[in-house]
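Me: Could you walk me through how to read salt bridges in a protein model?

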Amino acid sequence: MKTMSTGKKKYLDQLTNEEGIIGALAIDQRGALKKMIGKYKEATTEDVIKFKELVSQQLTPYASAILLDPEYGLPAAQAREQTCGLLLAYEKTGYDATTPGRLPDVLNVWSVKRLKESGADACKFLLYYDVDEPEEINEQKRAYMERIGSECTAEDLPFFLEIVSYDATITDTTSVEYAKMKPRKVIEAMREFSQGRYQVDVLKVEVPVTMNYVEGYGQEVCYSRSEAAAYFKEQSDATELPFIFLSAGVSAELFQETLRFAKQSGSTFNGVLCGRATWANGVAPFVEEGDEQAITWLSEQGRKNIEELNAVLKETATSIYTNV
């Protein structure tokens, strides 16, 4: 079990609900949100800032925390319900596709100290990691995470590491070809960054399978239900750190079903950081009909998405303090 400093634990308390579960809302998307708005019109900086603000105003009363980025999200951080904790992202959006390896990079004019000064209760960093890439690439990534871990420990601020797996040779991560490789990639990356040298406090991870390929959840079957369940249990056993699931853009309904399946499989996950599954369908009314219609959608359907997810978490997630 990981021991946590009193200071870090105090911040972590801000991010959990009364049951010690993280039911957090993620809207740190930058490039992805611009693309979503771009389906309807050219996305401006003002559009991105405003949509984040509306999401924060309308939905943070129902979330234990919100994840935002310091580039566009600080007005939204100010607009949040004050009982709702704040995570701030430290990474640049996307990655440099001209260089092999999807190498990590922090925001140029930010540091963990500055995130903390801006009101963050935790620092979140997204790392793309392929366990099968050349060692010279992965060694750079491991050293980079050591630096961020040390920075967070120096500031006594929790370090949430988000790991997104991929395969350097497969462009489509929704393919059955990738689905066959995914469990090992997700679980081994999680095992690596659970080591004490990285000083990670909470892992934000993908589920270890592509649910659309699990028997009974999609048309094409890559894993039987028992195989998928074994992967969820293996993932849970691979770390002593608290860990939470990301929604990876799937529908609200499928994400809720996934959490139930994880619980039945023996996974002791500690909550979620749920993004697009909660608010994605609010983009269209925001762009096409304006703020009022976006507010209506968020206050009705967006709130329903969160409250339904909270109910599922109550049945399925484990208190974070069993792992701290």
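Predicted model: local features only at pLDDT ≥ 70, side-chain atom pairs only at ≥ 80, totals over all residues.

Me: Let's start with Lys-9. Which residue does Lys-9 form a salt bridge with?
Reply: Its partner is Asp-13, with the closest N and O atoms 3.8 Å apart. Both sit in helix α1, 4 residues apart, about one turn of the helix. Lys-9 is partly exposed at 33% relative accessibility, and Asp-13 is partly exposed at 35%.

Me: And how far apart are the closest N and O atoms of Asp-237 and Lys-233?
Reply: They're 2.9 Å apart. Asp-237 counts as exposed because its relative accessibility is 51%, while Lys-233 is partly exposed at 34%.

Me: Where do Glu-91 and Arg-30 lie?
Reply: First the contact: Glu-91 forms a salt bridge with Arg-30, closest N and O atoms 3.2 Å apart. Glu-91 is in the loop between β3 and α5, and Arg-30 is in the loop between β1 and α2, so the pair ties together parts 61 residues apart in sequence.

Me: Are Glu-91 and Arg-30 buried or exposed?
Reply: Buried: Glu-91 has 6% relative accessibility and Arg-30 has 3%; the cut-off for buried is under 20%.

Me: Which residues do shared partners join into one network?
Reply: Asp-28, Arg-30, Glu-71, Glu-91, Lys-124, Glu-162 and Lys-204.

Key
Residues numbered from 1 in each chain as written. Heavy atoms only, no water. Salt bridge = Lys/Arg side-chain N within 4 Å of Asp/Glu carboxyl O. Helix = DSSP H or I, 4+ residues; strand = E, 2+ residues; numbered from the N terminus. Buried < 20%, exposed > 50% of the residue type's maximum accessible area, 1.4 Å probe, protein only.
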